[in-house]
Amino acid sequence: MKLLCFEATDDEIAYCTKALSGVDVVYFDEKLQDRPKPDAEAEIISVFVGSTVTKESLKLFPKLKYIVTRSTGYDHIDLKGCAARNVRVCNVPSYGEHTVAEFTMGLLLSLSRKLYDGIDRLKETGSFSYEGLQGFDLRDRTLGVVGTGRIGRHVVRMAKGFSMNVIAYDPFPSADLAKDEGFTYVTLDELLKQSDIVTLHVPYMKETHHLMNAKRFAKMKTGALLINVSRGGLVDTDALLAVLKNETLGGAALDVLEEEGAIKDEFTFLRDGHPASAVLKTVLENHELMRLPNVLITPHMAFNTREGVERIIKTTSENIQAIVKGKPQNLVSK
Ligand code: NAD
């Protein structure tokens, strides 16, 4: 079977070269959309979150049967387009919920204790001044966790370790989890009203597009904070920028941005020309967000620990071996 692996890192190549000895693998460091060359033999492609799989890109591979994404989220893959072509999609359902939860806590502490401001000032100016660096205790603050799936529940547990008061919203609440971890489920409106910090742990899909919009921001406490380590499309960038600028939202920490592909790859974005005006607007707004003093942005790195990445590579290679054996696993589409 021929496999094309896009966005391949040296670690991935080293691991897969050993683990996938019977498979004809071709590695590319580019994203799928940056290497739009047809391949008549490829039956599997492996991608990471930077590669966007569209109906058009599927046409490049007439024999394609499987897409193996090295991520939990699969909103970068057109599942309907895959179903129409009988292409099945596998993901890495779990590789380190605590990995992403730990990063969330890092962002939470960075916001509450102004870590970035203190470090940046000291490095840039050598100043040990406290001016403007006063933070607040997490203890007894209310954390609103939106989505209590694999990552959200770890965030709940870690926040409890900081003696925070935790409330949560999930359309599929788990009474056992709430009892075991000592938190309360409330409606989303109630969560927004009560929380000092809101953190999003929800997959991006049609139903969750712009989950945080102007109406929802208006329901939050004045000065509350937002953390998003899930997907940029959960937040309406326009609305976020407005509430940050008028300071009704106290601050935000974002590991993911709407249209982050376009902002990461500005050269490709400009080279390909004629971006939709909505995309261009969001990219400009992202630049504005990055400059705001009450915003911390990280480059989609919550997954990126040595152990987390090792688990991603291991599961991905097991997914590929399972396909080769005719027993595919971790399918997100049947
Ligand atoms: P999960 O599927 O285990 O949990 C998601 C939870 O969201 C579920 O409990 C579900 O019931 C709930 N949910 C669904 N719709 C909702 C809604 N409208 N409102 C509130 N809750 C809703 O997923 P997970 O493993 O916890 O991951 C969550 C997301 O985190 C992933 O989809 C992915 O996009 C993102 N992620 C980001 C990184 C990163 O590096 N930044 C890494 C891994 C995952």
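These legends go with a few close-ups of a predicted model. Local features need pLDDT of at least 70 and side-chain atom pairs count only at pLDDT 80 or more, while totals for chains, interfaces and linings use all residues. Residues are numbered from 1 along each chain as its sequence is written, and side-chain values use heavy atoms, with hydrogens and water left out.

**View 1. The open sheet, strand by strand.** Seven strands line up in the order β8-β7-β6-β9-β10-β11-β12, and the pairing is parallel. The edges belong to β8 (184-185) and β12 (295-297), each with a single partner strand, so one side of each has no neighbour in the sheet. Strands here are DSSP runs of E, at least two residues, and helices are runs of H or I, at least four, numbered from the N terminus; two strands pair if DSSP finds at least two bridges between them. Out at β8, two bridges tie it to β7 in the parallel sense, with Thr184 of β8 as the bridge partner of Ile167.

View 2. Five bridges join β6 to parallel β7 (residues 165-169), where Val166 is the bridge partner of Leu143. To get from β6 to β7 the chain goes through helix α6 (residues 150-161), and this β-α-β crossover is right-handed, i.e. clockwise from the first strand over the helix to the second, with the strands pointing away from the viewer. Four bridges link β6 to β9 (residues 197-200), also parallel; there, Leu200 is the bridge partner of Val146.

**View 3. Around the ligand.** Of the 24 residues around the ligand (a heavy atom within 4 Å), Arg150, Ile151, Asp170, Val229 and Asp255 come nearest.

View 4. The buried residues of α13 are Val279, Thr282, Val283, Glu285, Asn286 and Leu289. They cover an arc of only 165° (from the directions of the helix axis to the C-beta atoms), which puts them on the same side of α13. On the other side, Ser277, Leu284 and Arg291 are exposed.

How values were computed. Buried < 20%, exposed > 50% of the residue type's maximum accessible area, 1.4 Å probe, protein only.
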